[in-house]
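Dear colleague,

Please find the structure below, handed over for your own work. My notes on what was found in it follow.

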Amino acid sequence: MEASKAGEFLQFANVKKTYDQKTLVVKNFNLDVKQGEFVTLLGPSGSGKTTVLMMLAGFENVTSGTITMDGRPITKTAPYKRNIGMVFQNYALFPHMTVAENLAYPLTVRKMPKVQIRQRVDEYLKLIELSHFGNRHPGQLSGGQRQRVALARALIFEPTLVLMDEPLGALDKKLREQMQFEITRLHKQLGFTVIYVTHDQVEALTMSSRIAVFNEGVVQQYAAPDDLYERPANAFVANFIGENNLISAQAPILERDVVRSSLPGGTSITAQNGNCQAGDAESIISVRPEKLVIQAGGPVLDNQVEARFITRHYVGDFIRYYFELPSGGKVAVKTLNDTRAPDLRDGQTTTLGWRTRDCFAFRKEPLPVQGELQ
Ligand code: ADP
Ligand code: MG
């Protein structure tokens, strides 16, 4: 067992999970969370996010490894003793109880005196701006209101740690944005630590202090939102967070500060090194659509490729142009809908340019992950 690092509130060390004793759905999970952080697990469906939360809450056993909270291993602690608040996508409110009774429930089971319960319930009804709804039943509330009640019920007993598993998944876009705002406001105001699960990258980027990008049972990168976007660790993260053009290239040569690769046809591209290694036969050049410039006699940028214009999608505030490279690869370019938006004829050939500092070269194959059943 590893000693816990000073200052870390929550730690996963080499946590593995199998349900069937054959395949690991969580291969080797490591994560450090500081008190008061808002950490998001972001990953595609089936990547093991819910499993991680269930192990943390104590509803699933850990196959091997350790979870430490406040310096103490909790892997063997009963769920109710972990004092963790939880919010799920399907509100899970008691339908036969009123809103006030739902909020009182976690306090009643913790044997708080009645007078105090009443005060606390009023306080939390006010906090979620539902002061006049205490006597309604969940069935008489809108989806957004129900989710606010579920949130208040998870927070009312003042847990130090709150787990949220896709809590906004069932809400429409506008309500979801309101709730994102609401959750981050309560987090700032009350100071609890959050582990949040979502597969929505925009939600993760806007809400989190740090994001763990999760795929195939391992953390691919754990970093602040702007770091993830600006310095993705591998091709999976580059592709999963925001939009990215991934262009196949050959024979990456590692120079002192950059990687030089060639596109089929011979054009040489310089990029920052993502995770290429000496001797790799292929690389993937990754450059975001907003970093590409459609050249029309503008400044000469580090990288220049010939490209054939295919079509444009008008989005309103910006325009997305699609091009084909001589190698057959497609790239998208995003340009603000202002005087810079060029006029192009279908099939017209032009030059696309971008800076070395705005692109990365990654390995084609991910590095192998060690994670055998033990
Ligand atoms: P996510 O929340 O990222 O969508 P899950 O943690 O729910 O992923 O699932 C990860 C994998 O584990 C999936 O392949 C899923 O089918 C499997 N799994 C999840 N829960 C169970 C369970 N209780 N029993 C067996 N397999 C499960
Ligand atoms: Mg899930």
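**Salt bridges and cores**

Glu177 and Lys173 are four residues apart in helix 5, so about one helical turn separates them. Helices (H or I, at least four residues) and strands (E, at least two) are DSSP runs, numbered from the N terminus.

This is a predicted model, in which local features need pLDDT of at least 70 and side-chain atom pairs count only at pLDDT 80 or more, while totals for chains, interfaces and linings use all residues; side-chain values use heavy atoms, with hydrogens and water left out. Residues are numbered from 1 along each chain as its sequence is written, and chains are lettered from A and ligands numbered from 1 in the order in which they are written.

The side chains of Glu177 and Lys173 form a salt bridge, at 3.2 Å from N to O. The term stands for a side-chain nitrogen of Lys or Arg within 4 Å of a carboxyl oxygen of Asp or Glu. By this rule there are 16 salt bridges. Glu177 is partly exposed at 43% relative accessibility, whereas Lys173 is exposed at 55%. For these words, buried is under 20% relative accessible area, exposed is over 50%, and partly exposed is in between (1.4 Å probe, protein chains only).

A second pair is Glu282 and Lys364, whose closest N and O atoms are 3.6 Å apart. Glu282 is partly exposed, at 39%, and Lys364 is partly exposed, at 40%.

Asp358 also forms a salt bridge, with Arg355, and here the closest N and O atoms are 2.9 Å apart. Asp358 is buried, with 13% relative accessibility, while Arg355 is partly exposed, with 32%. Elsewhere, a network of salt bridges links Arg308, Glu324 and Lys330.

Next, the interior. A nonpolar core here is a set of buried Ala, Val, Leu, Ile, Met, Phe, Trp, Tyr and Cys residues joined through side-chain atoms within 4.5 Å. The largest one has 36 residues, and those touching the most other members are Val149, Leu151, Met164, Ile183 and Tyr196. Two or more residues each come from helix 2 (99–109), helix 3 (114–127), helix 4 (143–155), strand 7 (161–165), helix 5 (173–190) and strand 8 (193–198). Helix 4 contributes the most, with six residues.

Which residues does Met164 contact, leaving aside its neighbours within four places in sequence? They are Leu53, Val87, Leu151, Ile183, Val194, Ile195, Tyr196 and Val197, where contact means heavy atoms within 4.5 Å. Another core lies apart from the largest one; it has 28 residues, including Val15, Ala57, Val62 and Ile84.

Asn14, in strand 1 (residues 10–18), has a positive phi near 50° without being a glycine. Asn14 is partly exposed, at 29% relative accessible area. Glu166, also not a glycine, has a positive phi of about 45°. Glu166 sits in the loop between strand 7 and helix 5 and is buried, at 16%.

Last, Ala278 is in the loop between strand 13 (268–273) and strand 14 (282–287). Ala278 is exposed, at 69% relative accessibility.

Regards
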